[in-house]
Amino acid sequence: MALSLDLLSGLVGLILTLLIFSYLINDNPLFRMAVYVFIGVASGYAAAVVWQYVLAPKILILLQSSDPNLLLLTIIPLLLGFSLLAKLFPKISWLGSFAMAILVGVGAATALGGAVLGTLIPQVGAAIDALDFRSAPTGAFGTLVEGTVMLAGTVFTLAYFQFSAGRAPDGTPKRHPAFEVVAWAGRFFIAVTFGVLFAGVYMAALTAMIERLTATINFIRQVFGI
């Protein structure tokens, strides 16, 4: 039975891999079918996880608990969650507006707080620490170069997003020439960053493709005893 399951799972993986690789020829129904299967399986898995770890425990609390505080903290999220289903029906879609407003507000506040506390402030601290010569492992000159590049990249990139501008004689918005130079340098650092990110994504995709090709070849060799 174990061998049959291994053979079946390997055969399904081989077929789906070939369907995905068919996109190398062109966009075709076989590739779209594999994408639909992936979306369907992912959606079903997400729905099962939500039911198993979110909805079912909350409903169990409603049925078994007698603590009024716990019941209140359970009923309110459930009501807000079910009110979002009203968005499916235009006539009563306003019922879900309050829950949607809470989702957008909390999400925006979380993203903004995470960006400031988790990215901006640590980046400024790292740029300052990079100029600390006391714990420099690469010597004073190397630390100076590294810290200068990091500090310049941070300052120039932040300056690129400075959008306040005055007016040129012809009435068009125009920033101060000094800010234009700094913004150009910031654009250079942003371009390098996106280039590095793209290279990382490309390497990850290439690694996944090599893994799939290796698994496909090994499966064929195992089936045919090569």
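These are my notebook entries on a few features I looked up in this structure.

**Ground rules**

I am working with a predicted model, where local features need pLDDT of at least 70, side-chain atom pairs count only at pLDDT 80 or more, and totals for chains, interfaces and linings use all residues. Residues are numbered from 1 along each chain as its sequence is written, and side-chain values use heavy atoms, with hydrogens and water left out.

**Entry: helix α4**

I began with a helix; helices (H or I, at least four residues) and strands (E, at least two) are DSSP runs, numbered from the N terminus. Helix α4 covers residues 97–129, which makes 33 residues. From its first C-alpha to its last I noted 46 Å, close to the 48 Å expected at 1.5 Å a residue. The expected span here is 1.5 Å times one less than the number of residues in the helix.

Where is the kink in α4 centred? I found it at V116, with an angle of about 30°. For the record, the bend at a residue is the angle between axes fitted to the seven residues ending there and the seven starting there.

I then looked at L151, placed in helix α5 (residues 139–160) and partly exposed at 32%. Q123 and L151 are 28 residues apart along the chain, and their C-alpha atoms are separated by 9.1 Å. I also checked L151 against D129: they are 22 residues apart along the chain, with 9.7 Å between their C-alpha atoms.

**Entry: strand β1**

G166 is in strand β1 (residues 166–167), and G166 is partly exposed, with a relative accessible area of 36%. How far is the C-alpha atom of G166 from that of F141? I get 40 Å, for two residues 25 apart along the chain.

**Entry: salt bridges**

How many salt bridges does a search of the whole structure find? It finds 2, a salt bridge being a side-chain nitrogen of Lys or Arg within 4 Å of a carboxyl oxygen of Asp or Glu.

- D27 pairs with R32, and their closest N and O atoms are 3.4 Å apart. I noted D27 as partly exposed at 42% and R32 as partly exposed at 33%.
- E211 pairs with R212, with 3.3 Å between the closest N and O atoms. E211 is partly exposed at 44%, and R212 is partly exposed at 31%.

**Entry: a nonpolar patch**

On the surface I found a nonpolar patch formed by L5, L8, V12, L16, L30, M33, V37 and V41, with about 690 Å² of accessible area together. Patches are made of residues with over 30% relative accessible area and no salt bridge, where like charges are joined within 9 Å and nonpolar side chains (Val, Leu, Ile, Met, Phe, Trp, Tyr) within 5 Å. The areas come from the Shrake-Rupley method with a 1.4 Å probe, and for residues only the protein chains shown count as cover. Helices α1 (2–21) and α2 (29–64) each supply at least two of the patch residues. I looked up one member, V37, which is found in α2 and is partly exposed at 38%.

**Entry: aromatic rings**

My search of the whole structure gave 5 aromatic pairs. Rings of Phe, Tyr and Trp (its six-membered ring) pair if their centres lie within 6.5 Å; planes under 30 degrees apart count as stacked, over 60 as edge-to-face and the rest as tilted.

The rings of Y160 and F161 have centres 5.2 Å apart and planes at 85°, so I logged the pair as edge-to-face. Y160 is partly exposed at 25%, and F161 is partly exposed at 48%.

The rings of F198 and Y202 have centres 6.5 Å apart and planes at 25°, so this pair is stacked. F198 and Y202 sit 4 residues apart in helix α6 (residues 177–224), a separation of about one helical turn. An α-helix has 3.6 residues a turn, so residues three or four places apart point the same way. F198 is exposed, at 59%.

Last, I noted that F156, F188 and F189 form one aromatic cluster.

Conventions: Buried means under 20% relative accessible area, exposed over 50%, partly exposed in between (1.4 Å probe, protein chains only).
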